[in-house]
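The following note sets out a few points on the structure shown below. Each point concerns one region.

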Amino acid sequence: MTVLPVQDFDAFLSRKPAVLSKGPIAIILVEDDVEVARTVTHHLKAGFRHILLLSRLAIDLPEEQLPKVTQLSYDTLRPNAHVAGVNAIIKAVPPGTWLYYGFNAEFLFYPFSESRTVGELLAFHTEERRSAMLTYVIDLYAPDLTRTPNAVDPENAMFDRTGYYALGRKGSDGHDKDRQLDFHGGLRWRYEEFLPADRRRIDRIALFRAAPDLKITDDHRFSVEEYNTYACPWHHNLTAAIASFRVAKALATNPGSRDVIRNMTWRNSHRFDWRGQQLMDLGLMEPGQWF
């Protein structure tokens, strides 16, 4: 393992280096040292051209991965840290560049991800005249918190196979927005009393194309309303999923919940087999017109 050289975030973006000239690019916000190398490896295997690691920590990675990863010094523990970071990168890359953003211990899956690259996925999505893709954050958690107190156990990961639902998203006029829904489920639903109301949704527009004046908001939506839609007006589109230990980590370690939650498993817990096909079979993402 080799320690990545750390570059200044603003200085790197102002230089507009060649690695930013073409996507898809993954932005990973590193909040702690949990499963960072596994997160990087997963997204490189998916086919991202380059990964930007935003982190306060020094990151160790296999030497062969270093040419495709850049570590940028960034305070990921500030409130809504993703907003300033992602918005700055949107401005730095050419318009039309496909970007993904997520956190360490989160893993992107999409239809047919066992045999197709993320570049193929986004090429098809572009042909359908879509500039963003809805992803569902599917909570992963350890089956035994006495063995893994931080709730992160990739080899034995569990997830909820049922309990997901959607509600109409209201606009400022009180009416439902066109082709927008608020999705709920997983640990955020089962342990909602430990989460603020504005943090209980599991939908995130994690894959999107950079555009002039485009901005991400603190609730994981975008300033362009069409980016926040789950499909185009004429048919269903692709959706993807992010298998994430992030909420489980927080519930298992935060003072307000760690002494209350003894076991995250329930009757609808299911073993996660690290295949996109499993999530597609359960309806947690769909291929749209992509076969």
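1. Gln7 stands opposite Leu72 in β6. The model is predicted, so local features need pLDDT of at least 70 and side-chain atom pairs count only at pLDDT 80 or more, while totals for chains, interfaces and linings use all residues. Residues are numbered from 1 along each chain as its sequence is written, and side-chain values use heavy atoms, with hydrogens and water left out.

2. Strand β2 (residues 6-8) pairs with β6 in the parallel sense over 3 bridges. Strands are DSSP runs of E of at least two residues, helices runs of H or I of at least four, both numbered from the N terminus; two strands pair if DSSP finds at least two bridges between them.

3. Strand β4 (residues 50-55) also pairs with β6 in the parallel sense, over 5 bridges. Here Ile51 stands opposite Val69. In β6 (residues 69-73), 4 of the 5 residues are buried (under 20% relative accessible area; exposed is over 50%, partly exposed in between; 1.4 Å probe, protein chains only).

4. His125 lies in helix α4 (residues 118-127). His125 is buried, its relative accessible area being 0%. Apart from neighbours within four places in sequence, its contacts are Trp98, Arg130, Ala132, Met133, Asn237 and Leu238 (heavy atoms within 4.5 Å).

5. Tyr165, in strand β11 (residues 165-170), is partly exposed at 34% relative accessible area.
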